[in-house]
Amino acid sequence: MRILLVEDDEDIAQRLIDGLTQAGFTVEHAANGPDGYTMGLDGTYAAAVLDLGLPQMEGIDVLKGWRSADSKLPVLILTARGTWAEKIVGLNAGADDYVTKPFHVPEVAARLKALIRRSSGLASAILTHGGIELDTGSNRVMVDGKPVELTASELKILTHFLHRIGRIVSQAELTDQIYTLDESRESNTIEVYISRLRRKLGADRIKTIRGLGYRMD
C-alpha cells in the first residue's frame, strides 16, 4: 500500500519511513506543506500521515486544501500539541484519526491499516476472497487453508488487489505500490510478480485484461 508522509522533522520522518516500510507500506515523503499538499492531490495514495506543525504551510491548511478539492484521502494526523482542542480542530478539518507525539511506529501502522480498511468498506483486519486469507496485522497469507510465503513486494500487490476486488488495476498502479518515486523501475517487474503470485495463489485467481491491466474477480 502506497502512503504519503508529510513530516518536516528528518529524524521522525526517517523513523516512520523505516518502520512503515517494514510493516508493508511504500512510503513517499514530503518535508513541507506545499509539497505535501500537491502530492496528496494526485489520487494514488491509500492514506496520508500528516504532521500539523509544518513549514511554509500548516498541516491544518494542507488538510483543508485536500478536503476543499474533494479529496477522500484517509488522513492520520501527527501532533505534538498537548491540548484536546488541537486534536478536535484537526478532526473537524477532515482528519480521520490522530496520533500524539511521541508515538510508537507500530501503532501508526495499525491505525493506517484500519483507516485504509474502513475507506475500502472493510471492517476486519483479515481480508478474505476466494480461498485467500490475508491477515493485515501479521501479514500472514493462507490459500485454501494452507500457509503461503510471499515476498514483501508480492504482499503489497496482493493487498492492493484485495482492496480492489472486481476492479481493473493497471501495471502503472501496481508499480506505484512497490516503488517510491526515486527508485529505478524495471519495465517487466509487474509481469514477474504477477507470474509468481499466480504460482503461489492459483493461476486463475488473477486475470489479465488485455491492454488494461489485471483483475481479481
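Here are a few notes on the salt bridges in this predicted model.

1. Starting with the tally: the model holds 11 salt bridges. The points below pick out some of them.

2. Have a look at Arg67 and Asp96, whose side chains form a salt bridge at 3.3 Å, N to O. Arg67 belongs to helix H3 (residues 59–68), while Asp96 sits in the loop between helix H4 (84–92) and strand S5 (97–100), so the contact ties together parts 29 residues apart in sequence. Arg67 is partly exposed at 23% relative accessibility, and Asp96 is partly exposed too, at 39%.

3. Next up is Asp144 with Arg205, a salt bridge whose closest N and O atoms are 3.1 Å apart. This one links distant parts of the chain, 61 residues apart: Asp144 is in the loop between strand S8 (140–143) and strand S9 (146–148), and Arg205 is in the loop between helix H8 (189–201) and strand S11 (207–209). What about burial? Asp144 counts as exposed, with 54% relative accessibility. Arg205 counts as buried because its 18% relative accessibility falls under the 20% cut-off.

4. Arg215 and Asp217 also pair up through their side chains, with an N to O distance of 2.5 Å in the salt bridge. Arg215 is partly exposed, at a relative accessible area of 23%; Asp217 is partly exposed as well, at 40%.

5. Finally, which residues are linked in a network of salt bridges? Glu7, Asp51 and Lys101 are.

Key
Residues are numbered from 1 along each chain as its sequence is written. This is a predicted model: local features need pLDDT of at least 70, side-chain atom pairs count only at pLDDT 80 or more; totals for chains, interfaces and linings use all residues. Side-chain values use heavy atoms; hydrogens and water are left out. A salt bridge is a side-chain nitrogen of Lys or Arg within 4 Å of a carboxyl oxygen of Asp or Glu. Helices (H or I, at least four residues) and strands (E, at least two) are DSSP runs, numbered from the N terminus. Buried means under 20% relative accessible area, exposed over 50%, partly exposed in between (1.4 Å probe, protein chains only).
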